[in-house]
Amino acid sequence: MSFENSGGFDRMWADLAAVGRDGTSGGYRRYAWTREDAVLREWFRGEASARGLEVVADRAGNLWAWAGDPDADGPGLVVGSHLDSVPDGGAFDGPLGVVSAFAALDRVDRAALRRPVGIACFADEEGARFGVACAGSRLLTGVLDPDRARALTDDDGTTMAEAMAAAGHHPGALGRDDEALRRVGTFLELHVEQGRALDAPVGVASAIWPHGRWRLDLRGRADHAGTTRLADRDDPMLRLAAAVLAARAAAERHGTVATVGKVRVRPNGVNAIPSEVTAWLDARGPAEDAVRAVVADVGTAAGAPPVEESWTASTDFDPGLRDRLATLLDAPVLPTGAGHDAGILSAAGVPTAMLFVRNPTGVSHSPAEHAEEADCRAGVAALARAIEALA
Ligand SMILES: [Zn+2]
């Protein structure tokens, strides 16, 4: 992309293009507290210091780059998003919000601002490594218990505490961070839209659907795939198959969406009946009771109650802020089925809004995720106008 008049967007986008990109899939693998994550954090610190912004890390490891002093002159307006990705994620989910924040700040006359402006880079938004989405903002706001967070493990058995420590962040410091929260008077996250709901370059979010993640632990008995009679088998894969079909049927019945996108099989051999199948269910919808009903149906089909790993209630963004931005930007208002740090901050009582940039195909969490250059440029311009209006 080329963004001559967008505050170096083009250069920043190019800087990030190769970080954590898989050569085969073309998708991004930017997981929390990895080497790639460290490169992205360094990049963020570099962009901040090039603009004279002071960077502070909060107790959860989220980064905040401040123009002005939020302790003396705050609370401030914070814009930003995240830089981590899902496995083989797209280039836009997260980085578009962070890069646009820097580019928008470059277009604003900082001397004319009435309050400090911060740019946030939230840690571990996707939860791709440790399983809890928005871990950074949940820790910041105290809705994720620090002991639970420290003990979360990745697929290699590394705990979040070990991963954080290896990356130079003190896991003992985890816990609600009132000092960091006090600085945030308003939070505004720009994000690529992740469906096909937006038919304009830029939109304003109304709400985030209630959504959650559940784990299915299905146990059976490992045995020989050739010599064990069908009648003698205890095969947990069959219960998973029933659960996956039940998830789809229940989602259709209750007007929600439901997905089983991650499965772990033990011992994971072609000629072995599995001893254990672990699967993860993601369920979301416009109404909380409908989502709960889907999860209950899946549990019945699986013969085991799903274990809730995370839950986010329906989040309505600040109505005054939403209406003000919709009018200022002459932009449509729409809900989303995707979770965001903005939802966590909003639920914690921070006046929060989101801007969406159009996604022409609706594809997201995939290497094929895309936004048009002109729409990204419109997003930067909208964010700059919002900063001028709100700060
Ligand atoms: Zn995102």
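# Close-up views of a predicted model

**View 1. Strand β2 sits between two partners.** Strand β1 (residues 54-57) pairs with β2 through four bridges, and the two run antiparallel. This model is predicted. The hairpin of β1 and β2 has five residues between the strands. In this hairpin, G61 takes a positive phi near 95°. On to the pairing with β4. Strand β4 (residues 117-122) is also antiparallel to β2, and five bridges join them. Here A65 has I119 of β4 as its bridge partner.

**View 2. Strand β2 is covered on both faces.** In a regular strand, side chains alternate between the two faces of the sheet. On one side of β2 lie L63, A65 and A67.

**View 3. Three residues hold the zinc ion.** Which protein atoms are the donors of the zinc ion? They are NE2 of H82, OD of D93 and NE2 of H191. These donors lie 1.9 to 2.2 Å from the zinc ion. Along the sequence, the donor residues follow the spacing H-x10-D-x97-H. H82 belongs to strand β3 (residues 76-82), while H191 belongs to strand β5 (residues 184-192). The two histidines are 109 residues apart, so the pair links distant parts of the chain. Both H82 and H191 are buried.

**View 4. One cavity lies inside the model.** The structure holds one cavity of 30 Å³ or more. The volume of the largest cavity is about 50 Å³. Its lining is made by D37, L40, R41, L83, D84, C121, F122, A123 and D124. Helix α2 (35-50) and strand β4 each give two or more residues to this lining. The largest share, three residues, comes from α2. What classes of residue line the largest cavity? Five are nonpolar, four are charged, and none is polar.

View 5. Most residues other than glycine have a negative phi. D124 is not a glycine, yet its phi is positive, about 55°. It is placed in the loop between β4 and α5 (135-141). D124 counts as buried because its relative accessibility is 4%, under the 20% cut-off. H365 is not a glycine either, and its phi is also positive, about 55°. The loop that holds H365 runs between β15 (352-357) and α13 (373-390). H365 counts as partly exposed because its relative accessibility is 38%.

View 6. Most peptide bonds are trans. The bond from G74 to P75 is cis, with omega near 0°. P75 is in the loop between α3 (70-73) and β3. R266 and P267 are also joined by a cis peptide bond, with omega about 0°. P267 is in the loop between β9 (257-266) and β10.

**View 7. S275 meets residues from other parts of the chain.** S275 is in the loop between β10 (272-273) and β11 (276-284). Its relative accessibility is 23%, so S275 counts as partly exposed. Beyond its neighbours within four places in sequence, S275 is in contact with several residues, including R219, P236, R266 and P267. Its C-alpha atom is 9.0 Å from that of M237, a residue 38 places away along the chain.

Conventions: Residues are numbered from 1 along each chain as its sequence is written. This is a predicted model: local features need pLDDT of at least 70, side-chain atom pairs count only at pLDDT 80 or more; totals for chains, interfaces and linings use all residues. Side-chain values use heavy atoms; hydrogens and water are left out. Buried means under 20% relative accessible area, exposed over 50%, partly exposed in between (1.4 Å probe, protein chains only). Two strands pair if DSSP finds at least two bridges between them. Contact means heavy atoms within 4.5 Å. Donors are N, O and S atoms within 2.8 Å of the metal (3.2 Å for Na, K and Ca); water is not among the atoms, so sites may look incomplete. On a 1 Å grid over the protein atoms alone, a cavity is a set of points where a 1.4 Å probe fits but cannot get out, and a pocket is an open set with protein on both sides within 12 Å along at least five of seven lines; lining residues have an atom within 4 Å of a point. Grid points are joined across faces, edges and corners, and a volume is the space filled by probe spheres set on the points. Ala, Val, Leu, Ile, Met, Phe, Trp, Tyr, Cys and Pro count as nonpolar, Asp, Glu, Lys and Arg as charged, and the others, Gly among them, as polar.
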